[in-house]
Amino acid sequence: MSEFVFDREAYDKRMEWYLDARFGMFIHWGLYAIPARGEWVRSVEQMPKEDYMKYFREFDPVDYDPRKWARAAKRAGMKYMVMTAKHHDGFCLFDSQYTDFKSTNTKSGRDLVGEYVEAVRAEGLKVGLYFSLLDWYHEDFPHYGDANHPMRNNPEYSNENRDFNRYLDYMHNQVRELCTNYGKLDILWFDFSYNELRGEAWRATELVQMVRSLQPDVIIDNRLEVSGEGFGSLAEGHPTPYHGDFVSPEQIIPPKGLQDVNGNDLAWEACFTMNNNWGYHATDHFYKPASMLIRKLVECVSKGGNMLLNVGPDARGNFPPEATERLEAIGEWMDKNSRSIYGCGKSGLEKPDYGRITAGDHRLYFHVFENTVGAVPLTGVKREDVEAIRYLATGAEIPIKSDWVYADYPDIVFASLGENPILPDPVDTAIEVVLK
């Protein structure tokens, strides 16, 4: 086989929309919404298959309307969505011909992925599907002694007569179905590699070649090589044929953004939950406030990354009310301030004490999270470079202060927000600095 050559030009082209979008919605949904104790419930509780099957027999999300989901994402200012076509439990939300363990065989009788991709496209959003490399339902996936399988500690589930290659054929066939039966996919989000199960253990070169032949423009995460931790071969400077197009830090925003071994910026996406679980959890009401989520989105963009914010719909197919409230509040802020998010990234300037900076085309956006005493110092901006300073939300001019108070700091532009010590937007007052 000829040696893999990384095509930087093709890579940059397919990544364009993604680096511009900056904000997406993750959806974790499946049978685990019924026990409502998180998506890992079968593994955490070491639940036998027989006990889990009652949820399969019961599953009937009568309220499922993916158009409502897509509209909520769009309203929040999100540009793409990623939904779990299959999670680790092996249950498929799509009509796979290779298994009976799928939504079309439940009471609902629906191809939930088919409805989702149509709804997302109809709202003008980019379509992403998540697919677990693990499968706790399949007989040929390692059981006893595996790091994560529900039966990992039960010697009765020995791995004798299990054929991992047979599982890989099955897994590849399902990925082929997703890449063939649902039109253009924009993101394919694989999850995840661990211990010796990484890279070629998944027959990853073959898998990605097949995916790229069917979906040439699709963007793929880095978890064929790594899990939530680890950065992958693109970061190491020696991309494999199955390199991730972006790094996928989970439940963390990288402290300084992410660079490869040569110091070049990497594409990355911080994925995290609104509360403490990915899948619906009936008693987890520890939701991050909307104000925090807005500031975290700004933080991601200021460090050159995307934010993928998760919602775990309930067993009937509804978003939890807390999630809906937060999406609405984020949308209200985005209505006025999205120009400081879309198409923006790192400014190269030092982070100010009072907030963060994102940078767009000939524009800097100073995000003011807390007020300053006196005018706001726009550190790093030279007065002769400034064309205009405006409130992003209203377009109103912000005057430059230059009386004796500021005379000791001739190299700093001070923006006067007026006499009121309370910021116009207590969450994030965005100041747009137009540069000459």
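The largest cavity in this predicted model holds about 90 Å³ of space, a cavity being a set of points on a 1 Å grid over the protein atoms alone where a 1.4 Å probe fits but cannot get out. The volume is the space filled by probe spheres set on the points. The lining (residues with an atom within 4 Å of a point) comprises 13 residues, and Asn275, Asn277, Tyr287, Val311 and Gly312 lie nearest the centre. Of the lining residues, 7 are nonpolar, 6 polar and none charged; Tyr and Val count as nonpolar, and Gly as polar. The count of cavities of 30 Å³ or more comes to 3.

The structure also holds 29 salt bridges, each a side-chain nitrogen of Lys or Arg within 4 Å of a carboxyl oxygen of Asp or Glu. In one of them, the closest N and O atoms of Lys86 and Asp135 are 3.1 Å apart. Lys86 belongs to strand β2 and Asp135 to the loop between β3 and α6, 49 residues apart. Lys86 is buried (under 20% relative accessible area) at 0%, and Asp135 is buried at 1%.

Asp265 and Lys346 meet at 2.9 Å, N to O, and are 81 residues apart in the chain. Here Asp265 is exposed (over 50%) at 51%, while Lys346, at 35%, is partly exposed, the class between buried and exposed.

Residues are numbered from 1 along each chain. Local features need pLDDT of at least 70, side-chain atom pairs count only at pLDDT 80 or more, and side-chain values use heavy atoms, without hydrogens and water.

Notes:
1 Å grid on protein atoms, 1.4 Å probe; cavity = no way out; pocket = protein on both sides within 12 Å on 5 of 7 lines; lining within 4 Å. Helix = DSSP H or I, 4+ residues; strand = E, 2+ residues; numbered from the N terminus. Buried < 20%, exposed > 50% of the residue type's maximum accessible area, 1.4 Å probe, protein only.
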